[in-house]
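Subject: Handover of a structure and notes on it

Dear colleague,

Please find the structure below, followed by an account of what was found in it. I would be grateful if you read the notes with the model open beside them.

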Amino acid sequence: MTHPNPTSNPDTATPGRVVRDHFVALCGYETRIRQWGAPGKPAIIMVHGLARLSHDFDILASQLADDYFILCPDIIGRGYSAWANNPEEEYVPAFYARQMIEMMDHFNIDRCSWIGTSMGGIIGMAVTSMIPERIERLLLNDMGPELAQEAVDRIKAYVGGTAEFASIAEIETVLRTIYGPFGLSNDAEWAELAMNSARRLPNGKFAMHYDSRVMDVFRDQIDDYDAWNIFNAIACPVTLFSGAKSDLIPQKIVQKMQAAKPEMQVVSLENCGHAPYLNTRTQIEAVKIFLKR
């Protein structure tokens, strides 16, 4: 099926685009994948954060679709993708990475650029460690091999539970608080974020789009996160987008990453924290520079 281009940030002057949604079995689970651009062009995979979904890349992907073949999946347990049968074993980066490799095989992608926001960066590092010859370059959007514990605790606090909401407006109010660091700049963007983040419940109310067990596994396992060995072994060009106000990847971690990988490009993005939404002209131009490295 196809859908018209979504509401765009006026700052980006998004031209008209058409996006196609695929539903593909990956490691046995039906997965929703949004395609921008035509096969045969240089491939980009864009993967969202922990409690987010593929729509987060709609503006960025629409800006790149003339020149690239772009895949933006809803990672299992989010959006329109299936929910796991074995959460503790399947809501983890290693399983997500296996699904992404199957996605690459399904679409005949031999090599690609990877753009990963937050958790999407963790998955990107995992995929790169598994199939290094197939990842040309890696963009970590406010993600690294180490996380600031205070920020992890903050994230734990908002992702738990199965809250119900009477309206999309109530969800928008909550999201404006949680995702203020994204740097969204107008009401239309917030309204679309809220609409895409909701699912209707049998009782007629709304809940967030994701399986709450995703967050249970996150809370149980995230304190053990340490990806330094994987990060240090990455051979392809790496770019770090650093939210200037980020509490998850603060400057002390950015500096450790630079010391471990001096060739890594670091782009500090103003007016946002964790994580930049990649929706403004400045941020999109920075992505274009990354793609030419």
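Val-92 is buried, its relative accessible area being 11%; buried means under 20% relative accessible area, exposed means over 50%, and partly exposed lies in between, with a 1.4 Å probe and protein chains only. This is a predicted model, in which local features need pLDDT of at least 70 and side-chain atom pairs count only at pLDDT 80 or more, while totals for chains, interfaces and linings use all residues. Residues are numbered from 1 along each chain as its sequence is written, and side-chain values use heavy atoms, with hydrogens and water left out.

Val-92 sits in the loop between α2 (87-90) and α3. Helices (H or I, at least four residues) and strands (E, at least two) are DSSP runs, numbered from the N terminus. Apart from its neighbours within four places in sequence, Val-92 is in contact (heavy atoms within 4.5 Å) with Val-217 and Gln-221.

Met-215 belongs to helix α8. Which residues does Met-215 touch, not counting those up to four places away in sequence? They are Leu-50, Ala-51, Val-159 and Tyr-210. Thr-239, by comparison, is 24 residues from Met-215 in sequence and 28 Å from it in space, C-alpha to C-alpha.

Two helices show how burial is arranged around an axis. In helix α5 (residues 149-159), the buried residues include Ala-151, Val-152, Ile-155, Lys-156 and Val-159. These cover an arc of only 145° around the axis, which puts them on the same side of α5; the arc is that of the directions from the helix axis to the C-beta atoms. Exposed Glu-150 and Ala-157 are on the face of α5 turned away from its buried side. Helix α8 (212-221) is included in what covers the buried residues of α5.

In helix α11 (residues 281-291), Gln-283, Ile-284, Ala-286, Val-287, Phe-290 and Leu-291 are buried. Seen down the axis of α11, they fall within an arc of 155°, so they line one face of the helix. The face turned away from that buried side carries exposed Thr-282 and Ile-289. The buried residues of α11 pack against β4 (43-47), α1 (58-64), β6 (112-117), β7 (135-141), β10 (238-243) and β11 (265-269).

The next topic is the largest pocket. A pocket is found on a 1 Å grid over the protein atoms alone, as an open set of points where a 1.4 Å probe fits, with protein on both sides within 12 Å along at least five of seven lines; lining residues have an atom within 4 Å of a point. The largest pocket is lined by 38 residues, and Leu-50, Ser-118, Met-119, Ile-122 and Phe-218 lie nearest its centre. Two or more lining residues each come from α3 (93-106), α4 (119-130), α5 and α8.

Finally, the protein as a whole has eleven helices and eleven strands. Its radius of gyration (taken over C-alpha atoms) is 18 Å, close to the 19 Å that the globule rule (2.2 Å times the number of residues to the power 0.38) gives for 293 residues, so the protein is as compact as a globular protein of that length. Of these 293 residues, 58% count as buried.

Yours sincerely
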